[in-house]
Amino acid sequence: MNVRGRPGVVMAAAAALVLVLAGCSDSGDTPDVPTIAPQTPIAAPIVEAGAPAGEVVPMPDAGGALAYCPSTEQLAVLSADGRSVEFRPTAALTSPTRTVELSDKASGFGTFADGVLQVLIPSALLTVDSATGDVVRTDLPGTPLSAVLTSQGQTLVGNDLGQIAVIGADGGVQKTIAGLVRVDDLAEHDGQVVALDRAQSSVTQVDVADGDLGVALRSGDGATNLTVDHFGRFLSTDTKGGEFLAFSGDPLVNKFRYPVPFGPYAVGYDDTQNLAWVATTGDNKVTAYELATGTPVQTRQFTTVGQADSIVVDPGNGTVYLLSARGEGLQVISSDQQ
């Protein structure tokens, strides 16, 4: 049985929260479980001119997705139509150093590391080299929705069929883990992998070595996005229910459910200042929370560009980047502007 607390109530973990899903490997079956329509961002109101904090770099044709590469200190920006990727160094964001046209419309990004970006397109994962523009394609079933490069060097790709493809360093698919309805987001910390399923509004542990699913917990009423901090806390937004949630441990337990109005959607973490950042599109705000006490404590809040559906945080200096999904630009809030 999976028991949820009342919305707005911060709650500790309890054994009654745990639901174990039977996992299966190399199967196309999805579970016969109650589902909801996958939640999308709340439509944002108009932002007054000059209201967004920090600096705004005009990017009228961008808005599809955003990723950051710490080693090369550059951003990857997906065009609004999903047909091209721009690479922009954070030291000179006004013009791209390289633009790569894609073979199909991309739905988003996975990990951006060592100058190589994972791009999700129908029936395939592309890896794009930002230095050369070279593209490598790995064909996959279904429509990829999420991807992550793990600390073990494997790439995990989740799709709309509820499957996770495990890809080795050689580019070959090692196994497929099935049993979810969708795999909309993936996060990994020190070998622990968690998948977010918007259709079930759940987070689920994934045992990559055994090819099975483990403990699954509800993540509010309409979970959308997932990230993980350097402490191993998996942080999720519940856009429909208006909550910010955290999970940790092995097996996974819910640490808190914190009310956040106006549709929390994009979420990121600043490892330098130990702040969780949550963007709410219903009021065009981004809010920083300190989590040390076990309950989120709001420390700062800023006005964003309109429809800030994407957020990344530079782990080296705490700069927050937000991308408008409706062409209003890339917002940069540096640590000294916070």
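How many helices and how many strands does the secondary structure of the protein come to? Here are some friendly notes to read beside the model.

1. **What you are looking at.** This is a predicted model, in which local features need pLDDT of at least 70 and side-chain atom pairs count only at pLDDT 80 or more, while totals for chains, interfaces and linings use all residues. Residues are numbered from 1 along each chain as its sequence is written, and side-chain values use heavy atoms, with hydrogens and water left out.

2. **The overall make-up.** To answer the opening question, the protein has zero helices and 30 strands. Both kinds of element are DSSP runs numbered from the N terminus: helices are H or I with at least four residues, and strands are E with at least two. The radius of gyration is 19 Å, close to the 20 Å from the globule rule for 338 residues, so the protein is as compact as a globular protein of that length. That radius is taken over C-alpha atoms, and the globule rule is 2.2 Å times the number of residues to the power 0.38. Along the principal axes, the C-alpha atoms fill a box of roughly 50 × 45 × 30 Å.

3. Of the 338 residues, 53% count as buried. Buried means under 20% relative accessible area, exposed means over 50%, and partly exposed is in between (1.4 Å probe, protein chains only). The accessible surface comes to about 13400 Å², and carbon and sulfur atoms hold 50% of it. Such areas come from the Shrake-Rupley method with a 1.4 Å probe; for residues, only the protein chains shown count as cover.

4. **The largest nonpolar core.** A nonpolar core is a set of buried Ala, Val, Leu, Ile, Met, Phe, Trp, Tyr and Cys residues joined through side-chain atoms within 4.5 Å. The largest one here has 18 residues, and those with the most contacts inside it are A76, V85, F87, F109, L117 and V119. Two or more residues come from each of β4 (62-69), β5 (74-79), β6 (84-89), β8 (108-113), β9 (116-121) and β10 (124-129). Another core lies apart from it, with 16 residues, among them L275, W277, V305 and L322. As background, nonpolar side chains in soluble globular proteins tend to be buried together.

5. Contact means heavy atoms within 4.5 Å. Leaving aside neighbours within four places in sequence, L117 is in contact with residues including A67, A76, V85 and F87. G108 lies in strand β8 and counts as buried, at 7% relative accessibility. Not counting residues up to four places away, G108 touches A65, L78, Q118, V119 and L120.

6. **A sheet around β25.** Two strands pair if DSSP finds at least two bridges between them.

7. Is β25 largely enclosed or open? Six of its six residues are buried, so β25 is largely enclosed by the rest of the structure. L275, W277 and A279 point one way, while A276, V278 and T280 point the other. Five bridges join β24 to β25 (residues 275-280); Y269 stands opposite A276, and V267 has V278 as its bridge partner. The hairpin of β24 and β25 has four residues between the strands, and N274 there takes a positive phi near 55°.

8. Another open sheet has the order β3-β30-β29-β28, with antiparallel pairing. β3 (55-57) and β28 (308-313) are its edge strands, and neighbouring strands are turned by 25° against each other on average, direction ignored. Four bridges join β29 (residues 320-324) to β30 (residues 330-333), and L322 stands opposite Q331 in β30.

How values were computed. Axes fitted to C-alpha atoms, helices over the stretch in contact; angles between N-to-C directions.
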